[in-house]
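Biologist: I would like to learn how to read helix packing and sheets in a model. Where do we start?

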Amino acid sequence: MNYTHVQFISWEINTGPKTVYNPASFNPKDLTGYYPGISSQNDKRFDVLGQCQDIEARVKFTEAAIKAAQHSSNIDKNRSTLKIFMAPEFLYRGAGGAYLHDLINGWNGPAPDNFMLNNTPYARAWTGLFGNLQALVANNLFEHWIFVFGTTISASFATTLTPTPRTPDSKAYIDFTEPAEIYNTALVQLGGASNTNVNYASRKHYISAIDFLKYYMYNNVTFLKDHVTPLDANSLRFVEETTHEGGALFNLNNVNNVNGKPINFGLEICLDHAASGGIDPKTNSYYNHFGRIRNANKYVKLQLVPSAGMSLVDASIRLEPGTASTPNAYAFNCDGLGNLNRTPGCHTQIWNGANGAEVLNDNKLFEASSGEPLANTTVSAVHSNTTASFGNVTANDLWANDAGSIRVMNSLAL
């Protein structure tokens, strides 16, 4: 499909922790608090049932947010307008701070034995977080929508074979004694009944102070800052942007500009928008104070920045120069930690204009915080409770400050 316009839709929701901040700084190095979520046991890292229930509930709220966007009075129903729905970083992470990675895509047959999910809705053929999100938008009502489902935090453990040596009855079990590798992944999906296979997963390169807490307020076990292993920030695989999954640059099948050429998307999760090039071991600081896309010397039509504690950075804007038929390109930030004045909250930004230079006020097309009124946008509250298979859930069970609101910007020419 060839698109002439784009309409940006942000889910303004605070996805940060319920925390006690160091009064000297809004973004201290060490945070004390907790990420809300549903749990069924004390050690929330390995609470598979609680994590499955948490995913089910968050997907229910996501459905409500999508419906709020769909029914906004200014939603552009023209087939040639590409709708981009984006939520902030950390939208999905659970009470332990990270889901077990197996829960992102679920399982086709019975759940792994050591998950102990017998007699629950997740015991057989459960499609996990991404499968459930895909099902929400596998509808032709969303054929011209792209969904950036914020990010999910997941923990991947090594497996061990039991019994050994291998026999026909041997099975691979997660080895919880080894450190977990942590992934922070943005799940991108094209809507429409026949587009389930049109998607992308972009992974965050760097770990930020806000990603995991230093301490936990209560006597529960969660993933903490000093007990996780992030991806290697100096890995060339992620600097060169050559992967089919995990990189910052991608196209989506049949999502084209007015001339029928694929639209180039860039996606930088939070800190990846402000730093790149690896970490200098001598100074323990980033080589570049600009983002992954600029570091790769690439330009994009639509630069997407889901974040929790980041705003658009002038030096990191890398938008394709316009032509007579395709004059415009845009950067879109949806943040779940701070208002634009850096108080706790959330915000939305849409910019166009200069690349790597100061962005003028006239090129800051939309900027608003925490559901505040703004010209040429509509704001709709997301319902604050839902009913899951295991009972009623309130938004405050899952996030720091209710379910937020949906902001729909008036459409813009591409």
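Modeller: With angles. Angles under 35 degrees count as roughly parallel, over 145 as roughly antiparallel, 65 to 115 as roughly perpendicular and the rest as oblique. Axes are lines fitted to C-alpha atoms, for helices over the stretch in contact, and angles run from 0 to 180 degrees between N-to-C directions. Helices (H or I, at least four residues) and strands (E, at least two) are DSSP runs, numbered from the N terminus.
This is a predicted model: local features need pLDDT of at least 70, side-chain atom pairs count only at pLDDT 80 or more, and totals for chains, interfaces and linings use all residues. Residues are numbered from 1 along each chain as its sequence is written, and side-chain values use heavy atoms, with hydrogens and water left out.

Biologist: At what angle do the axes of α1 and α3 cross?

Modeller: At roughly 25°, and the axes of α1 (residues 48-70) and α3 (residues 128-137) come within 10 Å. The two helices are therefore roughly parallel to each other. Handedness is right-handed if the near helix is turned clockwise from the far one by less than a right angle, and left-handed if anticlockwise. The crossing of α1 and α3 is right-handed.

Biologist: Which residues make the contact?

Modeller: Contact means heavy atoms within 4.5 Å. From α1 come Ile55, Val59, Thr62, Glu63 and Ile66; from α3 come Leu129, Asn132, Leu133, Leu136 and Val137. Seven of the residues in this contact are nonpolar, two polar and one charged.

Biologist: How do strands of a sheet pair?

Modeller: Through backbone hydrogen bonds, either parallel or antiparallel. Two strands pair if DSSP finds at least two bridges between them. Here, six strands form an open sheet with mixed pairing, in the order β14-β15-β18-β19-β20-β21. β14 (249-250) and β21 (364-369) are at the edges with a single partner strand each, so one side of each has no neighbour in the sheet. Three bridges join β15 (residues 265-267) to β18 (residues 302-307), and these strands run parallel. Leu267 stands opposite Leu304 in β18.

Biologist: Is strand β4 buried or exposed?

Modeller: Buried means under 20% relative accessible area, exposed over 50%, partly exposed in between (1.4 Å probe, protein chains only). Six of the six residues of β4 (residues 81-86) are buried, so the strand is largely enclosed by the rest of the structure. Thr81, Lys83 and Phe85 point one way; Leu82, Ile84 and Met86 point the other.

Biologist: Which strands does β4 run parallel to?

Modeller: β1 (residues 5-12), over six bridges, and β8 (residues 145-156), over four. Met86 is the bridge partner of Ser10, and in β8 the partner of Met86 is Val148.

Key. Ala, Val, Leu, Ile, Met, Phe, Trp, Tyr, Cys and Pro count as nonpolar, Asp, Glu, Lys and Arg as charged, and the others, Gly among them, as polar.
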